[in-house]
Amino acid sequence: MTPVVAQTDRLNLRQFDTDDLDDLTEVLGNADVMTYSVTGPLTHVEVQEHIRRYCAHWHRWGYGLCAVVHRTDGKVIGYCGLTEGSSPEVPELAYELLRRTWGHGYATEAATAVLAWARASGFTRLTATVWEWNVASLGVLTKLGFVE
């Protein structure tokens, strides 16, 4: 079992493993979820490559994107974590969650846990990028204290 990076009342955040492929494909293959993504919806094969890159990023940098796992049923409902951003020393917060979970506070909950983990890990500066018309993500980032 992959170790948990962070935990909330409803979620476990952990590194990805190959068993997450089908659940993550349900998330990243959804057109609604990927509306603001530069790639659009991803195929099963593309998600498999993404998981491989997520794992390699953790191995290289000691941080990365986490599988967001609902504690009730163990289902991966998306990802939340840190990517390289403009440089490895100033990571960028990123998240994508299963469409049917939107509006329940999971993005804020997962991101809050990631930010706490990042601070405890010694990161003093993080970034986040969002399209201005992505009102929901702007709301999450505002709640988290990100400023323009």
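Visitor: Which residues are exposed on the other side of α2?
Guide: Val45, His59 and Arg60. Keep in mind that this is a predicted model.

Visitor: And which residues of α2 are buried?
Guide: Val47, His50, Ile51, Tyr54, His57 and Trp58. They cover an arc of only 120° around the axis, so they sit on the same side of α2.

Visitor: What covers the buried residues of α2?
Guide: The cover includes β1 (4-7), α1, β3 (65-70), β4 (76-87) and α3 (106-120).

Visitor: What follows α2?
Guide: Glycine 62, with a positive phi near 80°.

Visitor: Switching to charges. How many salt bridges does the structure hold?
Guide: Nine. One of them joins arginine 10 to glutamate 109, at 2.5 Å from N to O. This pair links distant parts of the chain, 99 residues apart: arginine 10 is in the loop between β1 and β2 (11-14), glutamate 109 in helix α3.

Visitor: Is glutamate 109 buried or exposed?
Guide: Buried, because its relative accessible area is 17%, under the 20% cut-off. Arginine 10 is partly exposed, at 28%.

Visitor: Which residues are linked in a network of salt bridges?
Guide: Asp23, Glu26, Lys75 and Arg100. Within it, glutamate 26 and arginine 100 have their closest N and O atoms 3.1 Å apart.

Visitor: Last topic: which residues form a nonpolar patch on the surface?
Guide: Tyr36, Val38, Trp131 and Trp133, with about 480 Å² of accessible area together. Tyrosine 36 lies in the loop between α1 (21-28) and α2 (44-61).

Conventions:
Residues are numbered from 1 along each chain as its sequence is written. This is a predicted model: local features need pLDDT of at least 70, side-chain atom pairs count only at pLDDT 80 or more; totals for chains, interfaces and linings use all residues. Side-chain values use heavy atoms; hydrogens and water are left out. Patches are made of residues with over 30% relative accessible area and no salt bridge: like charges are joined within 9 Å, nonpolar side chains (Val, Leu, Ile, Met, Phe, Trp, Tyr) within 5 Å. Accessible areas come from the Shrake-Rupley method with a 1.4 Å probe; for residues, only the protein chains shown count as cover. A salt bridge is a side-chain nitrogen of Lys or Arg within 4 Å of a carboxyl oxygen of Asp or Glu. Helices (H or I, at least four residues) and strands (E, at least two) are DSSP runs, numbered from the N terminus. Buried means under 20% relative accessible area, exposed over 50%, partly exposed in between (1.4 Å probe, protein chains only). The arc is that of the directions from the helix axis to the C-beta atoms. Contact means heavy atoms within 4.5 Å.
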